[in-house]
Amino acid sequence: MSRTLTTALSVVLALGAASAAAAEESEVPDDVAEAFAGPVIEEIQGDELTDEDAPDFSGNLRAVAVQPIFMFDENFYEGVPDEPLTETGEWIAALVRDDTVIGTATVWKPSGVVEVAGYDNDAPLGNELRSESGKALVRDEPVGAYYWYDRPNQTFTPANDPALVQVAGPAPLKDVQAAVVERTRAAQADGRDDVVGGQSPTQVVGGRSWLPLVGGLALLAGGLALLAHFWRGRTGHTESSSPASGA
């Protein structure tokens, strides 16, 4: 077999493996898809949100663009250059009314049955879910951030406004890891766990983002005024992605 043909076959096999990995990564379990198609919407619209600032989730509401949620692996916070992501066991979808994204909803299966974990009015993240594909969605819970992770290129891109607090634009894995590790150690040195609102980022990495910079600056000025997960489900769900708890 010629060297040219061997090289061509190698490329085809590599592309096939990458496509298979992407398909496996984006696969949504049937019970999760079914929940988002009906029960999730019914529960959200059945909740009585008495806060005067609560979003309006009435009308012809749909959940679309379901994605699995990943989080940073425990070793990631220790600076270990290994596979950076692990599964959360949660899935997120964009909430759409009359073709307009108005927020997101998240589900999980704590007892083997799909339950609503939370929902919110984070429309920018919902729009990202609807438009992006082929990348892993990563939640950085301490700063309420979501990133897209491009595995082949090992780069992170902000997916919602809170992400701008830590990653201002496309950034390589090593830079994001260094920033997250520094943030975590700063929180621990200050005697606090690096949980939601517990420690502001000590550095921002990445190039200029195409996301609205006004949102990111407002978050910085407001001390991490998080958009994500204002409205929790009734499960008492809390995230398992706090790094300092196991550090």
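This is a predicted model: local features need pLDDT of at least 70, side-chain atom pairs count only at pLDDT 80 or more; totals for chains, interfaces and linings use all residues.
Q: Is Asp31 buried, exposed or partly exposed?
A: Asp31 has 31% relative accessibility, so it counts as partly exposed. Lys109, at 29%, also counts as partly exposed.

Q: Which residues of helix 2 are buried, then?
A: Val32, Ala35 and Phe36 are the buried ones in helix 2, which runs over residues 30–37. They sit on the same side of the helix because they cover an arc of only 95° around the axis.

Q: And what is on the other side of helix 2?
A: Asp30, Glu34 and Ala37 are there, and they are exposed.

Q: What covers the buried residues of helix 2?
A: The cover includes helix 3, strand 1, strand 2 and strand 3.

Q: Back to salt bridges. How many does the structure hold?
A: It holds eight. One of them joins Glu90 and Arg139, with 3.1 Å from N to O. Glu90 lies in strand 2 and Arg139 in strand 5, so this pair ties together parts that are 49 residues apart in sequence.

Q: Which residues are linked with Arg139 in a network of salt bridges?
A: Glu90 and Glu141. The salt bridge between Glu141 and Arg139 is 3.2 Å, N to O.

Q: Is Arg139 buried or exposed?
A: Arg139 counts as buried, at 1% relative accessibility. Glu90 is buried at 3%, and Glu141 is buried at 13%.

Methods
Residues are numbered from 1 along each chain as its sequence is written. Side-chain values use heavy atoms; hydrogens and water are left out. Buried means under 20% relative accessible area, exposed over 50%, partly exposed in between (1.4 Å probe, protein chains only). Helices (H or I, at least four residues) and strands (E, at least two) are DSSP runs, numbered from the N terminus. The arc is that of the directions from the helix axis to the C-beta atoms. Contact means heavy atoms within 4.5 Å. A salt bridge is a side-chain nitrogen of Lys or Arg within 4 Å of a carboxyl oxygen of Asp or Glu.
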